[in-house]
Amino acid sequence: MITIRLVDSKLHKIFIAVNNVFVYCEVQNNRLADVSLELLTKGRKLAGELHVGLEAILIGKGVSDMAKELFDYGVRTLHLVEDERLAFYRTLPYARLVKHLFEREKPQIGLFGATPVGRDLAPRIASSLKCGLTADCTGLEIGDHHDKKSDTTYTNLLYQIRPAFGGNIIATIINPDTRPQLATVREGVMKKEPLMESMAGEIKTLDVNGILQKEDFVVEIIDRHVEEKRINIKNAPIIVAGGYGVGSKENFKLLFELADVLGGEVGGTRAAVDAGYIEHDRQIGQTGVTVRPRLYIACGISGQIQHRAGMMESSMIIAINTDRNAPINSIADYVITGDFAEVVPRLIKYYRKNSK
Amino acid sequence: MKPLKIIVLAKQVPDTRNVGKDAMKADGTVNRAALEAIFNPEDLNALEQALRIKDQAEGSQVTLLTMGPGRAAEIIREGLYRGADHGFLLTDRKFAGSDTLATSYSIARAVSQNEYDIIIAGRQAIDGDTAQVGPQVAEKLNIPQVTYVEAIEEITEFYIIARRRLDNGIERVKSPLPVLITVHGSAPPCRPRIARRVMKYKHARTLTELQDASEDYIRLFQDRPYLKIDEWSVADIKADEDALGLSGSPTKVKKIENVVFKAKESRILENSDQDIESLIKELIDNHTIG
């Protein structure tokens, strides 16, 4: 455990002990959420750079058999909390438990998925512990900071990198004086990699008695209908994406046909999702998922910065647009100037003709 | 049903959804003047939920609370036109530089000066997309929260039943009052302005806005006390100055970078049978497609 003295901080004029990197692990449909495994992969790397350990928090009912998978991702200590009443996420008891663990374990970094759960839970914790929280990070790094005003150098801070101002700028945020440094991270922007060789970890079970109180359960879940994610555009090798320019839900059918023929998936821009042309699960860009397919075919997409940020790492990009000057064209390998409604049927026709 | 006291938290934001070519200056900084200041979209969904409660529970009061510079009074007027009863503008240079923690502290202090049964906010604001202020305010007020709400299915003076929009489905929860809810963009849009209310409130002003007004105008204002939009400073909400503004903000911006995309050498193709067939052949040959 390292102890640092915090100087000149109006927030916490105390000694704070800082140690490990913590990841809050989320359960979705009785398995660990992808975003949690992505965070563990990143958390493991950060912990390595800081020479500290990676710890995980797992709360639920009947979730202890997920411990093995967490250890496969490099978790040294798992804080396991199980209770009948914790089968589904509920703000107040979950927040009480995570806060309790953070106060006891004093992590230097706490990471959450930027899911409806993480985005409900993390601000509650940050508000209670009076510490900094950065939402929807797309990058996390370790680095130093020199504050000119107080002439203080801070070492090994968490750089929380996120798009801001509608995606037109990328900001690096730091929390020099408060711990833990909290961040939420979107699903799909970080890689998910288990250890080459799995390691044994320790399970610490937290007894909820004496921590949870009756008033933590005042909000009741009446019912929930949550479907297994059917669509997985994140891992699709080929993506046919449409923007507002596609014009209607009906017109998107053509994109589905092309995707079907090529063995790919269909994605959309935020504008297409907001217009109701296509479901939210398929949204690509800063407020959707980030994709890196082998081939990305952009149909009727002008290429707002927010969208480009979510697909620019595609290996090959074909842009189909009536506007010769659409921003998407500047990052495309091939630009076809024309109406997608004419181009797409040609692509289908010649693929069928030439594929072996 | 007993009338309820409803506070709607709203924010005036630059319209980052419609960023034009002139939105970024040549030096790479944001040209705020090129972006229109608007009522944050999901806060309008929040206002609609509040007005629906008022439709049901006659005599309910909808109070709009916003924090920002003087011109943020514009969104309070907009709210009055659409059906809100009253507005507060939390404004003070000392709030400048507040991050979400400092903002939630200030808003929680302001809310505490009022009576309330339910606080309704948009899920998130489009300039930061953090979705943090709502839950952080709820924590400071020590009340439950229900986030991502798309409908209030039932409300009484004791509890609400709300439907939440999650990534892959919905959840219905029952919470006692008082509660803070955040409203998702999939909730019904806000009703439009009502002509009679525009006539009634078009002269609503904060005291600061009145400073430049003519004497006639000030007389009109004195005769119609409902035209006053309250302005609150740090002192009015009895806040600890160390907990707001820059000093109350644990997060600091270390660096801002303009997003630059490297232009590629693009090949321009015609929408012709010949060009498209040769493209498809090329993609098959290099195994991009099977």
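Predicted model: local features only at pLDDT ≥ 70, side-chain atom pairs only at ≥ 80, totals over all residues.
## A salt bridge within one helix

B:Arg219 has a salt-bridge partner in B:Asp216, with 3.3 Å between the closest N and O atoms. Both residues belong to helix α7 of chain B, which runs over residues 215-223, and they are three residues apart, or about one turn of the helix. B:Asp216 comes out as exposed, because its relative accessibility is 56% and the cut-off for exposed is over 50%.

## Salt bridges across the sequence

Over all chains, the structure holds 43 salt bridges. In chain A, take A:Arg292 and A:Glu313: their closest N and O atoms are 3.0 Å apart. This pair links distant parts of the chain, 21 residues apart. A:Arg292 is in the loop between α6 (270-274) and β18 (295-299), while A:Glu313 is in the loop between α7 (305-308) and β19 (316-321). As for accessibility, A:Arg292 counts as partly exposed at 40%, and A:Glu313 counts as exposed at 54%.

Over in chain B, B:Asp85 and B:Lys54 form a salt bridge, again with the closest N and O atoms 3.0 Å apart.

Now for the rings. The whole structure has eight aromatic pairs over all chains. One of them is A:Tyr24 with A:Phe112, a stacked pair with 5.7 Å centre to centre and 25 degrees between the planes. A:Tyr24 belongs to strand β3 (residues 21-25) and A:Phe112 to strand β8 (residues 109-113), so the pair ties together parts of chain A that are 88 residues apart in sequence. Both A:Tyr24 and A:Phe112 are buried.

A:Phe112 also pairs with A:Phe102. Here the centres are 6.3 Å apart and the planes are at 70 degrees, so this pair is edge-to-face. A:Phe102 comes from helix α3 (residues 91-105) of chain A, and A:Phe112 from strand β8, 10 residues apart in a pair that links distant parts of the chain. A:Phe102 is buried with a relative accessible area of 4%, and A:Phe112 is buried with a value of 0%.

## Lysines over tyrosines in chain B

Chain B has some lysine-over-ring arrangements to look at. B:Lys174 lies over the face of B:Tyr159, 4.3 Å from the ring centre. B:Lys200 has its charged end over the ring of B:Tyr226, at 4.9 Å from the centre of that ring.

## Where chain B meets chain A

What does the interface look like in numbers? On the chain B side, 81 residues are in contact with 90 residues of chain A. The two chains bury about 7,400 Å² between them, with 55% of it on carbon and sulfur atoms. Between chain B and chain A there are six salt bridges, and 37 residue pairs are in polar contact. Several elements of chain B each supply at least two residues to the side that touches chain A, including α4 (133-141), β7 (145-155) and α8 (273-285). α8(B) gives the largest share of that side, 10 residues.

For a specific contact between the chains, look at A:Arg346 and B:Asp273, whose side chains meet in a salt bridge (3.0 Å, N to O).

With a relative accessible area of 18%, B:Thr130 is buried, because the class takes in values under 20%. Leaving out residues up to four places away in sequence, B:Thr130 touches A:Arg119, A:Ala135 and A:Arg162 from chain A, along with B:Thr100 and B:Gln124 from chain B.

How values were computed: Residues numbered from 1 in each chain as written. Chains lettered and ligands numbered in written order. Heavy atoms only, no water. Phe/Tyr/Trp six-rings, centres within 6.5 Å; stacked < 30°, edge-to-face > 60°. Helix = DSSP H or I, 4+ residues; strand = E, 2+ residues; numbered from the N terminus. Buried < 20%, exposed > 50% of the residue type's maximum accessible area, 1.4 Å probe, protein only. Lys NZ or Arg CZ within 6 Å of the ring centre and 35° of its normal. Contact = heavy atoms within 4.5 Å. Buried area = accessible area lost by both parts, 1.4 Å probe. Salt bridge = Lys/Arg side-chain N within 4 Å of Asp/Glu carboxyl O. Polar contact = N/O pair within 3.5 Å; in protein donor to acceptor, adjacent residues only side chain to side chain.
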